[in-house]
Structures are given as structure tokens and as C-alpha cells.
There are 2 protein chains.
Amino acid sequence: VTSGAEASASQQAVRRHNRNLVLRAIAAEPRRSRAQLAEHTGLTKATVSSVADELIGAGLVAELDADRGARGRPAVPLVLNPDGPSGLGIEVNVDYVSACVVDLTGTVRGYAAVGSDNRTLTPGRVLRRATDLAARVVAQSGLPVAGAVIAVPGLVDTGGTVRRVPNLPGWDGLDCARRVRARFGVATRVENEANAAAVAELRSRPELADFLLVSGEIGVGAGLVLSGRPFRGPRGFSGELGHVPVDPAGPECGCGACGCLEQYVGQEALLNAAGLPGVASTQIGAPGGAAGALLAAAARGDQRTLGALADAGRTLGVTLAGVLNVLDVPTVVLGGLYARLAPWLQGPIGEELQRRTITRAIAPASVIASALGPDSAVIGAAVSVIDEVLSDALPPAGADSRQAGA
Amino acid sequence: VTSGAEASASQQAVRRHNRNLVLRAIAAEPRRSRAQLAEHTGLTKATVSSVADELIGAGLVAELDADRGARGRPAVPLVLNPDGPSGLGIEVNVDYVSACVVDLTGTVRGYAAVGSDNRTLTPGRVLRRATDLAARVVAQSGLPVAGAVIAVPGLVDTGGTVRRVPNLPGWDGLDCARRVRARFGVATRVENEANAAAVAELRSRPELADFLLVSGEIGVGAGLVLSGRPFRGPRGFSGELGHVPVDPAGPECGCGACGCLEQYVGQEALLNAAGLPGVASTQIGAPGGAAGALLAAAARGDQRTLGALADAGRTLGVTLAGVLNVLDVPTVVLGGLYARLAPWLQGPIGEELQRRTITRAIAPASVIASALGPDSAVIGAAVSVIDEVLSDALPPAGADSRQAGA
């Protein structure tokens with residue numbers, strides 16, 4: 001016996017499934033016509049037309065000018081609507097805040113970053129700064145916001161709560177989504193910054209199904225992608241590469257342990273080893289400032305900087321060899337600070353992997369540089385929102401958020 | 001337009017799906033009647049009866065004596081057939097070979113192990129020894145064999161080919177399934193020993209969805225279970241914990257690198273540190289022989305042995321803290337040699353985890369001992385076969401293998 005309510009729920013599930021199928025087909029290959037979508041999805045033309053009209057009505061899909069073929073009715077190409085609901089990414093890092101808006105097609109439509117020594121500010125002031133910045137970026141993009149993701153350099157549990165931020169005092173247990181949710185009126189999640197950067201990397205390199213994105217800033221983290229999906233760990237806390245012990249009797253780390261990798265290859269350790277300790281305070285002003293100073297010193301052949309980078313590369317390589325031996329991931333992607341320093345790091349990292357991974361002779365690992373730069377975490381945060389919109393295929397809740405955010 | 005062949009293929013898929021559904025319902029809760037199975041699966045009683053008869057005919061399911069209720073027809077309880085097709089596990093390790101037969105209910109129906117210094121024998125002689133042992137165990141069990149899995153202490157690719165066995169010269173690239181396949185006439189796969197042990201552990205502790213099984217023998221390996229499933233890595237080579245670098249300038253390892261964990265906490269390192277180096281050669285004769293010598297020395301309070309175990313525990317703990325920081329797995333299970341030495345290892349391992357895992361305050365890790373002992377890899381190998389039989393629900397190819405194997 002099936003009740004009317006059950007039949008209706010089942011019909012809704014079918015409609016949602018069909019919407020999703022059509023939307024993903026449009027996302028995978030833009031400019032398909034309704035007839036081509038019917039052929040591709042196996043749905044009837046009538047169903048595709050009805051679903052397409054619904055998606056156009058929700059602002060998710062747009063029609064382009066008709067292609068006039070040799071005969072028959074002109075085919076109208078469908079694309080994801082570049083002026084449809086967008087994803088808002090916000091990043092709070094140790095020495096800057098940033099925000100970006102990504103449209104449904106994955107294009108960055110607005111980005112801004114400001115230096116901010118967040119270790120000296122209250123979390124409330126930092127979040128106000130980040131939210132103000134985000135509001136400006138949203139207003140400039142002119143797009144409605146479907147949702148927001150805040151990237152932070154710390155542990156975020158599977159429920160989206162910030163649990164531990166070793167480099168930002170006062171953030172443990174903070175509900176940082178509340179203020180953003182209130183300001184923009186949209187669903188807001190919190191995500192670890194390295195995991196967010198891995199989402200951006202995955203989108204920029206869909207051919208890589210399994211990789212470890214190593215992200216160097218003041219903190220050192222990793223975003224792990226397995227079988228084409230971000231792996232966040234059973235409790236949400238994976239990827240804390242910066243706290244892998246290098247020397248159990250080494251220098252004390254901000255996390256309370258001793259000899260963590262971060263103490264050898266993090267931004268401050270690199271600047272100190274290169275004889276550029278002042279840069280840490282003078283270069284605050286934008287993400288990547290410290291990388292700029294190291295890059296300049298390395299490019300002009302400063303021996304101390306070159307030695308510091310070679311040492312850091314070897315230490316990273318030894319630690320990564322251990323991780324790769326356990327995980328069997330074939331590719332290391334250098335991100336953040338390390339992406340720009342890749343010309344000096346890739347060699348020593350690769351040598352240690354070739355010396356120490358047990359698969360070296362049968363399946364060697366490769367080390368590549370991210371093409372995304374220091375804005376990858378905030379872009380990945382925004383892309384996560386788009387991924388959710390496209391996989392749910394639901395009309396965005398915050399379609400009228402343009403005013404609220406401005 | 002649907003052709004007759006397509007309709008038939010689709011009907012076969014439905015029949016197979018239903019068979020699987022019924023078989024899993026019987027496996028999950030034995031002694032269900034046909035009526036209870038119909039209620040549980042949502043299939044009609046006629047379909048359940050037809051599927052049950054087919055499963056009984058294939059030897060996968062057996063009927064018990066009818067439960068006589070107060071009224072109505074007596075209900076016949078159905079169970080997995082303990083005399084049905086079995087899984088054959090074979091293990092080739094560095095200093096022994098073993099074999100076991102597990103029936104459909106997961107009960108071990110036969111087991112044997114013999115010491116064998118496999119480093120001094122040709123792979124052909126080792127495999128002959130292992131296959132002869134397996135044939136004896138199969139004959140004693142009296143059960144037909146559905147398939148075989150051979151566990152080896154090395155790298156096995158996703159296609160089941162042995163690619164690298166650091167502690168067994170001559171095994172790289174060997175097709176060791178061929179001889180077993182020929183002898184027993186059944187499908188045969190090769191699996192890494194630590195992964196096989198993780199399958200056995202998972203079956204004995206279904207409540208643990210995510211864990212790292214650390215298996216210590218002459219080699220040190222790990223079997224990783226994520227979301228209730230063995231994680232073998234993108235290329236099949238995950239879990240090589242023994243080759244995580246502890247000290248990049250440390251002693252040379254059999255793998256060709258320096259300072260691998262195995263050189264500090266493997267069986268031979270433990271025996272040397274405990275002042276029992278002779279045991280490595282005199283105690284060959286069964287899996288766990290070396291553990292027995294260490295156990296006896298530790299139990300009588302031998303200071304050198306106690307110190308060696310405490311050092312090994314700390315080194316294991318530091319390395320595991322790094323792995324847990326990257327993977328966020330909440331539980332370490334000590335297997336093999338380490339299971340028996342757990343009373344001495346758990347303390348120092350736990351202390352290092354509590355000192356060095358970044359989640360220690362919000363989600364501490366736990367260290368437990370496997371209850372399975374040194375036979376877990378060979379049992380897991382056999383259980384893998386049963387898992388395949390139950391998930392495919394296909395009549396076993398080798399139902400007549402009793403004669404062939406004997």
C-alpha cells in the first residue's frame with residue numbers, strides 16, 4: 001500500500017534526480033541543446049525541456065543564441081548561468097584575511113585580500129574585517145550568493161565547528177559561521193584551509209584522482225584527495241602534516257609538542273634560516289609577502305637562502321616519503337608559499353622521495369607545483385559552495401542576498 | 001526498443017540482486033525463516049522461497065530443524081551453510097608458511113603453520129611447501145574450496161601481482177597465484193599480509209570503522225581500514241609503515257633506504273636490542289616464536305628486554321603520531337608480534353600519541369591489542385574469499401575441489 005504522500009515524495013525524488021542529471025550534463029559539456037541533453041541522459045525530450053525550464057527559472061542555467069543548423073528548428077545551446085548564484089569564499093589566515101566570489105562556471109568573479117596580524121586581534125575583530133571585505137567583493141561581483149565557506153588554518157570537525165587553531169589564540173571552539181550567516185543570509189560552513197585548497201586544486205587538475213596538496217604558510221598543512229574526492233578524515237582532522245614529528249627532541253611547536261615539521265619548514269623557520277627574520281613583520285600586507293622576500297633572495301643567488309631552501313626541501317622530502325609509504329598517493333602538489341618556491345624545493349624533495357619511497361622503482365612519486373598561488377584556499381572555499389549547488393541542483397536559498405551583503 | 005537478450009540480462013541482474021539481498025540478510029542474522037526474510041527484504045514470499053531454494057541448491061544456505069510455533073505451518077530457520085564452499089587462506093612470510101580454511105559463517109575450520117626460513121629457499125620451493133600445507137588443511141576440513149588468497153609480506157599491485165618483497169629475495173614480479181590456482185582449481189588472488197590481517201580484524205571488531213592495524217613481524221606493515229573498508233591505496237601499495245623514515249641517517253634497511261622504522265622496531269631489531277639475537281635462527285618453527293622469547297624475557301623482568309620494548313614503543317609512538325596527524329584515524333590496533341607484546345608497548349606508544357597528536361585534547365587516539373594473534377593474516381586471507389562469495393552470491397566455481405586439493 002502506497003500513500004499519496006509517499007507517491008509524491010517519490011515523484012519529488014525522481015524530479016530532483018533528473019534535475020541533477022541535466023545540470024551535471026550541462027556542467028560537463030556546455031552548449032548542449034535540449035535534444036543533445038535528452039540523447040546524453042536517456043531522458044525524454046519532454047522531461048529535459050521541463051527540467052531545463054525549471055533550471056532557467058531558478059537562475060542556474062542560461063540559454064545562448066540559437067545555433068542555426070542546415071535544416072530543422074534551431075538548437076538553443078544551454079550553459080551554466082554565469083550571472084546565477086555564486087559561491088562566497090572567505091579565508092582567515094594568521095597574517096591576512098581574504099574573500100572571493102566564484103560563479104557557477106567556476107570563474108573567479110571577485111577577489112580581495114588584506115594583511116592583518118590576526119594573532120594580535122580578537123576573533124571578533126578579525127571576523128568583522130573578513131566579513132566587511134567579503135561584502136565589498138560580493139557587491140563588486142554583482143552576483144547573488146548561494147552560500148559561504150570560511151577557510152581557517154586549524155582543525156574543523158565534521159560538523160563544521162572550529163576545534164583547534166594552533167597559530168590563532170582564542171579561536172578554539174569559536175562559531176565563526178554565525179556572523180557570516182547573519183550578514184549574507186546564506187548557509188555557511190567552516191573548512192580547514194588545506195582541504196579548501198585541495199578542492200581548488202582538484203578542480204584545476206581533474207586528471208589527478210589521488211594527490212597530497214602540501215600547503216606552506218606560517219602553518220604547514222596538507223589536503224588529501226583520494227579517488228577524486230577530498231578526504232577529511234573520520235573526524236574531519238586529517239592533513240595535519242605540519243605536526244608530523246621530525247625530531248622528537250626538536251624545538252617546541254605552537255601545538256605544544258616538540259620537533260614538528262612546521263618548526264623546520266614553516267614560513268617563519270624558512271625566513272629565519274634564510275637570514276630574513278624581519279620580513280615576518282614587515283611583509284604583512286598580503287598573502288604571499290614572505291614568499292616574495294624568499295623568492296627575491298633566492299633569485300639573486302643569496303647563498304644562505306638557497307641553503308635554507310635546500311634544507312627545507314630535504315626535510316619535507318623525508319617526511320613526505322613516510323606519508324607516501326603509508327598512503328601510496330602518487331603525486332605531491334606544492335601549494336601556498338611552496339608553490340612559488342617550487343623551483344628550489346622540487347629537486348631536494350624529489351631526491352628524498354626517490355631515495356625513501358618503497359615504490360620508487362615500480363611506481364615513483366612526482367612532485368609538482370600548484371598553479372593556483374596563495375589564493376587557492378579562498379578560491380577552493382568558494383568552489384565548494386558551487387559544487388554543492390551543482391550537486392543538489394536546488395534553487396539557492398540566498399538569491400536575494402545581493403542587497404544584504406552590500 | 002528492448003531486445004530479448006537485453007531483457008534477459010536485466011532479469012538476471014534482478015535475480016542476482018535478490019539473491020544477494022537474501023544471502024546478506026541470512027548472514028546478518030542467522031535463523032530467519034522465509035517469511036521473516038520476506039518481511040526484512042521487502043521481497044514477496046514467492047521470490048524469497050525461489051531464491052532460498054536456489055541458494056540451498058548451490059550449497060550456500062542450509063535449513064535447520066523447523067521451529068514449531070503455537071499455530072500455523074512450522075517456520076524453517078535458514079543459516080549460512082557451515083559445510084558449504086570455504087575460503088582458503090595461504091600465508092608466505094619470511095620465516096614460516098601457513099594455511100587456513102574458513103567456512104561461510106567465518107569459523108576457522110582448519111589451520112596449520114610450519115617454520116620455514118624462506119630467505120634461503122627458492123620461491124618455487126616455498127610455494128610448494130605452502131601449497132602442500134594448504135592441501136592438508138583443505139583435506140582435513142572436508143570442505144569444498146570457493147577460492148584462495150595468498151598473503152605475502154610485500155607490495156601487491158591492484159591487479160594482484162607481487163611487485164616487491166624486500167625481505168624475500170627472488171619474489172619481485174612472481175606470479176605466485178598460478179601454482180595455487182592449478183592445484184585447487186579455484187580463483188586465486190595475492191594480497192599484502194597487513195591488508196589481509198586488517199580484513200580479519202575488521203571482521204572481529206565490526207564496531208571499528210576506521211583503524212590502523214600495525215603488524216610487526218620481521219617486516220613491519222600496516223593495514224588501513226577507512227569507513228569500514230580496507231584501504232589499499234590508489235596503486236595497491238599503502239600501509240608500508242615499516243619504511244617510514246625515523247632517522248634519515250640511520251642504519252641501512254633491506255629496502256635500500258636508511259633509517260626506516262623497521263630497523264628500530266622490527267622483530268630482528270627487537271631481539272638484538274633485548275640481547276636475544278640467537279632467537280632469530282633458533283626459534284624458527286612457527287609464527288610467533290620470536291614473540292614467545294621476548295614475552296618470556298619481559299615476563300621474568302629482564303631489564304634489557306624491558307628497555308628494548310620501551311624504546312621500541314616510544315619510536316613506534318612517535319612515528320604513529322605522525323601518521324595519525326595526517327590521517328585522523330582514531331584507533332591503532334597492535335597486531336602480529338606486537339599484539340603479544342602489547343602489555344609493554346601500549347604504554348609508551350600511548351604516551352607519545354598523547355604528546356604528539358594534534359587532536360589529543362579534543363579527540364584522543366586509542367591503542368588496543370588485536371585478539372587475533374600471529375595467524376590473523378592467513379585468516380584474513382581466507383575471510384576475503386568468504387566476503388567475495390557472500391557479496392557475489394554466486395555458486396562457487398570450485399565446488400568439486402575437495403579431491404583436487406587432497
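Me: How many residue pairs are in polar contact between chain A and chain B?
Reply: In this predicted model, the count between chain A and chain B is 22 residue pairs in polar contact, with both residues at pLDDT 80 or more.

Me: Which helices and strands of chain A supply residues to that side?
Reply: On the side of chain A that touches chain B, at least two residues each come from β8 (162-164), β11 (220-226), α11 (303-327) and α13 (342-356). The element that gives the most is α11(A), with seven residues.

Me: And how do the residues of that side divide into nonpolar, polar and charged?
Reply: The side of chain A that touches chain B has 25 nonpolar, nine polar and ten charged residues.

Me: How many salt bridges are there between the two chains?
Reply: Two salt bridges are counted between chain A and chain B. One salt bridge joins the side chains of B:D328 and A:R235, at 2.9 Å from N to O.

Me: What about the area they bury?
Reply: The size of an interface is often given as the accessible area lost when the parts come together. Chain A and chain B bury about 3,800 Å² between them, and 63% of that is on carbon and sulfur atoms. In chain A, the residues that lose the most area to chain B are A:R235, A:V326 and A:I358, which together make up 20% of what that side buries.

Me: Changing topic: where is A:R32, and is it buried or exposed?
Reply: A:R32 is in the loop between α1 (4-28) and α2 (34-41) of chain A. A:R32 counts as buried because its relative accessible area is 11%, which is under the cut-off of 20%.

Me: What does the side chain of A:R32 reach?
Reply: It reaches the backbone oxygen of A:A25 at 2.8 Å. The side chain of A:R32 also has a polar contact of 3.2 Å with that of A:H40. Leaving aside residues up to four places away in sequence, A:R32 touches several residues, including A:L37, A:V76 and A:P77.

Me: Which residue forms a salt bridge with B:E191?
Reply: B:E191 pairs with B:R232, and their closest N and O atoms are 2.6 Å apart. B:E191 lies in strand β9 (residues 188-192) of chain B, while B:R232 lies in the loop between β12 (229-231) and α7 (262-265), 41 residues apart. B:E191 is buried, with a relative accessible area of 4%, whereas B:R232 is partly exposed at 30%.

Conventions: Residues numbered from 1 in each chain as written. Chains lettered and ligands numbered in written order. Predicted model: local features only at pLDDT ≥ 70, side-chain atom pairs only at ≥ 80, totals over all residues. Heavy atoms only, no water. Buried area = accessible area lost by both parts, 1.4 Å probe. Salt bridge = Lys/Arg side-chain N within 4 Å of Asp/Glu carboxyl O. Polar contact = N/O pair within 3.5 Å; in protein donor to acceptor, adjacent residues only side chain to side chain. Helix = DSSP H or I, 4+ residues; strand = E, 2+ residues; numbered from the N terminus. Nonpolar A, V, L, I, M, F, W, Y, C, P; charged D, E, K, R; others polar. Buried < 20%, exposed > 50% of the residue type's maximum accessible area, 1.4 Å probe, protein only. Contact = heavy atoms within 4.5 Å.
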